[in-house]
Structure formats: C-alpha cells, structure tokens
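Please consult the sequence and structure shown here alongside the text.

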Amino acid sequence: MAMSNDEIVATVNTALETAIKLVEEDGWNEEKVEGEAVVKSKINKDGRKIWLCMATVNVPPKVLEKKMMDIDNLTSWNKTVTESKVLKNLKKDVFVSYQVTAEGAGGLVSARDFVYGGKAVHREGKFIVGGMSVQFEGQPMEEGKVRAWHGPSCQIVSPIAGVPDKSSYTWLMDCEYRGMIPGSIINMAMPVAQLMMVESINK
C-alpha cells in the first residue's frame with residue numbers, strides 16, 4: 001500500500017538518523033580492503049548483514065556532492081546502477097527516486113530495482129544523503145525485475161584537512177535483495193558493488 005507524502009518524510013527522517021548512528025557504532029568486521037577503500041560488515045538488530053564502505057576518493061567534496069545529487073544522471077558515471085530517476089521531490093531536501101542495479105557477482109545476481117526515499121543534509125561540515133525504501137504511489141513496476149528493499153542507509157562525504165582535492169567517502173548499505181539468491185553469493189556481491197562505487201567516483 002502506498003505511503004502518504006507525510007509518512008514518507010517521517011520514515012526517511014527516522015531512517016537517516018538511524019543510519020548515521022549505525023555508521024558510528026562499534027562492532028564492524030573487516031571484509032575486504034582494496035587500495036584506500038575498506039569494506040566492513042555487521043549483523044543488525046533484525047539479524048541481517050549490513051555493509052559499510054569507507055574510502056578516500058580523488059574528488060573534492062563539493063564536486064562529489066553535486067554528482068551524487070544529480071540523480072537523473074547517475075548512470076553517466078555510477079557503474080552500480082543502470083537506471084536512475086527522481087520520481088518526486090517532496091520537500092526541498094526530501095525526494096523519492098527509482099533505480100535499477102547493475103548485475104552483480106559476474107552475472108550470478110540479476111538486476112534489482114528499488115524505490116528509495118532520501119534526504120540530503122549538511123551537518124558538521126559533512127554532506128549526508130540517506131533514507132530507506134518506501135512504498136510510493138505511481139512507482140514503476142517493471143516486469144521481470146525483483147524489487148529489492150533498502151533498510152536505513154546513507155552516504156557521507158567529508159573533507160580531508162589539508163587535502164582539498166580529495167574526500168572521505170562512507171557508504172552504509174542495508175539491502176534485502178530478495179529472490180532466490182544464496183547468502184554466500186550476496187556476501188560476495190555486496191563488497192564488490194561498494195568497491196565498484198568507489199572506482200566509479202574515482203574515474
């Protein structure tokens with residue numbers, strides 16, 4: 001059932017704050033290191049594995065922020081998605097978007113689509129965008145695609161003192177892929193997707 005605009009805004013606000021707290025929590029386990037990027041994981045309170053990627057990227061913070069918020073043109077540089085568009089701007093800083101993921105794990109994970117409620121904020125010198133999946137009236141329903149569900153998640157861009165041409169990039173991902181995929185395949189695909197995002201930013 002579709003959520004009202006007010007319900008989406010409230011859900012997104014809560015999800016963003018939850019995601020920020022999760023990033024700051026202890027108990028993350030290192031999964032993969034590649035260059036200046038590290039991917040960690042932990043089990044959340046719902047018993048689902050969530051993923052945290054932290055990297056130094058070769059893009060100034062303001063430039064990266066602008067690229068990330070140009071949602072309709074994400075596919076021009078972000079290789080983790082093959083389709084991306086804003087469905088509706090609910091408030092100045094809250095939006096609903098639709099995206100289709102690229103195939104993962106060498107084709108073992110088929111493309112997923114999802115409808116995401118997001119909010120962008122500036123806090124303590126950092127740019128943060130996050131939220132979670134929502135039920136939106138008029139959302140696309142594409143035949144043959146499995147609808148993934150994102151729990152509270154966020155991306156954070158921070159400046160690095162004395163290094164204006166680089167940023168600190170953090171991505172918390174809580175994604176329930178759904179469909180018939182073994183957990184071992186998911187555990188392989190998630191870090192690869194996050195590292196692909198870092199690679200896309202750096203290009």
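The lining of the largest pocket consists, by class, of 24 nonpolar, 10 polar and three charged residues; Ala, Val, Leu, Ile, Met, Phe, Trp, Tyr, Cys and Pro count as nonpolar, Asp, Glu, Lys and Arg as charged, and the others, Gly among them, as polar. This is a predicted model, in which local features need pLDDT of at least 70 and side-chain atom pairs count only at pLDDT 80 or more, while totals for chains, interfaces and linings use all residues. Residues are numbered from 1 along each chain as its sequence is written, and side-chain values use heavy atoms, with hydrogens and water left out.

**Largest pocket**

- The largest pocket holds about 620 Å³ of space; a volume is the space filled by probe spheres set on grid points, which are joined across faces, edges and corners.
- Among the 37 lining residues, those closest to the pocket centre are Thr80, Val81, Gln99, Phe114 and Trp171.
- A pocket is defined on a 1 Å grid over the protein atoms alone, as an open set of points where a 1.4 Å probe fits, with protein on both sides within 12 Å along at least five of seven lines; lining residues have an atom within 4 Å of a point.
- At least two lining residues come from each of helix 2, strand 5 (94-101), strand 6, strand 7 (126-133), strand 10 (153-160), strand 11 and helix 3 (183-202); helices (H or I, at least four residues) and strands (E, at least two) are DSSP runs numbered from the N terminus.
- Helix 3 makes the greatest contribution to this lining, with five residues.

**Salt bridges**

- The whole structure contains 11 salt bridges, each a side-chain nitrogen of Lys or Arg within 4 Å of a carboxyl oxygen of Asp or Glu.
- Glu17 and Arg123 form one of them, at 2.9 Å from N to O. The pair links distant parts of the chain, since Glu17 belongs to helix 1 (residues 5-24) and Arg123 to strand 6 (residues 112-123), 106 residues apart.
- Glu17 is partly exposed at 32% relative accessible area, and Arg123 is partly exposed at 30%; buried means under 20%, exposed over 50% and partly exposed in between (1.4 Å probe, protein chains only).
- Glu25 and Lys42 meet at 2.7 Å, N to O.
- Glu25 is partly exposed, at 38% relative accessibility, whereas Lys42 is buried, at 12%.
- Glu65 and Lys62 are joined by a salt bridge of 3.7 Å, N to O; both residues lie in helix 2 (residues 61-69), three residues apart, or about one turn of the helix.
- Glu65 is buried at 15% relative accessible area, whereas Lys62 is exposed at 60%.
- Arg48, Asp174 and Glu176 belong to one network, joined by salt bridges that share partners.

**Aromatic pair**

- The structure has one aromatic pair. The rings of Phe114 and Tyr116 have centres 6.4 Å apart and planes at 80°, so their arrangement is edge-to-face.
- Rings of Phe, Tyr and Trp (its six-membered ring) pair if their centres lie within 6.5 Å; planes under 30 degrees apart count as stacked, over 60 as edge-to-face and the rest as tilted.
- Phe114 and Tyr116 are both buried.

**Thr170**

- Thr170 lies in strand 11 (residues 163-173) and is buried, at 7% relative accessibility.
- Leaving aside residues up to four places away in sequence, Thr170 touches Val23, Leu52, Cys53, Met54, Cys154, Gln155 and Ile156, where contact means heavy atoms within 4.5 Å.
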